[in-house]
Every structure is written in C-alpha cells, then in structure tokens.
Amino acid sequence: MIQEARDHGGGVDAAAKTYGGVRSDWLDLSTGINPVPYPIGVIEADAWNALPDKGAQQALIAAARQFWNVPEDAAVLAAPGASSLIARIPALRPAGRVDIPTPTYNEHAAAFAAAGWKMGAEGASARVIVHPNNPTGHLYHTEPYCSDLHIIDESFCDVTPDATLIDRATNEGAIILKSFGKFWGLAGLRLGFAIGDPALISQLEQMLGPWPVAGPALRIGTAALQDYAWADTIRVRLQSDSDRLDQMMARAGATLHGGTTLFRLYEVDDAALWQDRFARAKIWTRIFPYSRNFIRLGLPAPDQWHRLEAAL
C-alpha cells in the first residue's frame, strides 16, 4: 500500500517504484478524470507565443456564463486550475473556524489549515461543501448556509448538471468552484473557475494577478464550453461506462457505496489488499486512510477495459 501525506489520487510514479514498470505501463484509475478527453484540435501559434489577450479572456468567461447558466449578478473568474483557487480562498477572510463535512476532498482542509484556520462546525465563519462529494458522490440539497464565506465545490457536477447549486452564486459570501479538467478530461490544461459574490471574486482576481490563464487554455476552454453536443454525448457514455464498471466489480465481490459517473466508490473486505491486487497488474486505484474498506476507481479508456477485467 502506498499513501502520500496529502492523500491524493495519482502517484503512478511512486507505484511503479514499488511494483515495477514505467509510467506508460500503468493504467491509472486512481483519479476521476474523463478517459475520453475533449478533442483540442489545432491551436493557433499566437495562443502560444503572445500574452493572452483580453478578448480571449472575455470569450472564455462568456462561454462559462452560458454553459453553467450563471446568474447575471454573479461574477466569474477563470484560473489556472481549481486547486489554485482552493489554495487562495482561505485568505479572503481573517482566520477563524471552518466547517468542512467529511469525508471529502482534503485540499480544502489543508488550505484552510495552512492559513491558520481551525476545523469545526460550532462557531464556524466559513463552510465548504463538495457537491457532488468526493469520494461518496453525496449531493447537498439543503444544508446550513454561512453568509461570511460559503464555498461550494462543484468540480464533478458537470456529469449531473441538473443538481447544480449555481443559483446560490448570487448569495453574499458565496463562491462556487468549477473544474475543467475532470469532465472534459484535460486535467493537464489547468483551468478552473470561481463563480459568486463579486466582492470575493474581485479579491481572488487580485491575488491571481494578470494573465492567470494560458493562451491555449483560453482557446480550448472556450471551444469546449460552447460544444453542448459533445457534453450531452459524453454524459451518456460516462453513465454507460460506470454501469459497466459496477457490474464488473459486483461480480468480483465489491459493493457499490457511491460516487459519480466519473468515479465509483466500492466497499470491499480489505481495500489495501484489493489495491495491491490491482497494482500487481499495473492498475493503480485509490484507497483512503480513514477507511479499510473503501476503494475508488475511475473509468478506463475504451481500449483498456480488458486489463481491468483480467485483473478481476
């Protein structure tokens, strides 16, 4: 079993040191990234060799507003990945107490702790929910609202767009986070969005400085956010593939606990043994330090299902 201090998916390089092979030998199912990425096409040379222009930035923001049905009174900021926003959000308010329901994606707690915040619901002046939750897939329909600083991380919500809480983006103190890399399968592009209270979004914009998003990311993000047909088609595919994964894991003795169509969370008798079993077939999965029974799998690429089936 291999666990990093921050308890992330990924880490194939470390797995390869333990189990052998090189990165290209491995099938990485430890993350929730769409294995059928958006086709980026040809990127014009000026996107690479010139500073990002204001028109390209405005086009991306306009596409984001339309795709996510952002309320008119909410502000939108594009950033080099949702993680860059998560790291900066705690500095928007003086350190106090933050309520982060667990288990969930641990970067929020790490970012608040690094900024001097304490964890706990009682007397909290900030609240973070991950919707749908990672790794359980839980959707929040009603929950306590913190008007001072309320973060809704919708990094995986594009697979279930009807569940979005985007209407709360007009609330005072609210920020909704969107991740581009997961649903569109382009995590290496490093693109994310903060949507919400204009005063808070303006503060984040000042923290990021000029040209936060690279030229190629502006072009690719704009095209992808305008391609509704691709999004509709990929949602159908993700549902079909996650159903297929559920059936395979059930036959092997795992019980579905939750997840989204980008990742599935299963209960097994011994998660570390299951991870080891997969790793010997050079398939990397995700387990958690707080549970000996949870194992999470992403979806394999279309030409890699046979490897998973053989390992099971």
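User: What covers the buried residues of helix α8?

Analyst: In this predicted model, the cover includes α3 (54–67), β9 (255–259), β10 (263–267), α9 (271–279), β13 (291–298) and α10 (305–311). Buried means under 20% relative accessible area, with exposed over 50% and partly exposed in between (1.4 Å probe, protein chains only). Covering goes by contact, that is, heavy atoms within 4.5 Å. Helices (H or I, at least four residues) and strands (E, at least two) are DSSP runs, numbered from the N terminus.

User: Which residues of α8 are buried?

Analyst: Among them are Trp230, Ile234, Leu238, Leu245 and Met249. Helix α8 spans residues 228–251 and reaches 35 Å from its first C-alpha to its last, close to the 34 Å expected. That expected span is 1.5 Å times one less than the number of residues. Just after α8, glycine 253 has a positive phi of about 110°.

User: How do I read which way a helix faces?

Analyst: An α-helix has 3.6 residues a turn, so residues three or four places apart point the same way. Now take α1 (residues 12–19), where Val12, Ala15, Ala16 and Tyr19 are buried. Seen down the axis of α1, these buried residues fall within an arc of 100°, so they line one face of the helix. The arc is taken from the directions running from the helix axis to the C-beta atoms. Lys17 and Thr18 are exposed, on the face turned away from the buried side of α1. The cover over the buried residues of α1 includes β1 (27–28), α9 and β11 (283–284).

User: And how do I read a sheet?

Analyst: Strands of a sheet pair through backbone hydrogen bonds, either parallel or antiparallel. Here, pairing takes at least two DSSP bridges between two strands. This model has an open sheet of seven strands in the order β2-β8-β7-β6-β5-β3-β4, with mixed pairing. Its edge strands, β2 (75–79) and β4 (118–119), each pair on one side only. Inside the sheet order, β5 (residues 126–130) and β6 (residues 150–153) pair in the parallel sense over four bridges. One detail there: isoleucine 129 has isoleucine 152 in β6 as its bridge partner.

User: How far can I trust the model?

Analyst: Look at pLDDT, the predictor's confidence in each residue, from 0 to 100. The protein chain has a mean of 95, and 97% of its residues reach 70 or more. Over residues 1–5, though, pLDDT is below 50. Where pLDDT is low, the predicted coordinates should not be read in detail. Residues are numbered from 1 along each chain as its sequence is written. Local features need pLDDT of at least 70, side-chain atom pairs count only at pLDDT 80 or more, totals for chains, interfaces and linings use all residues, and side-chain values use heavy atoms, leaving out hydrogens and water.
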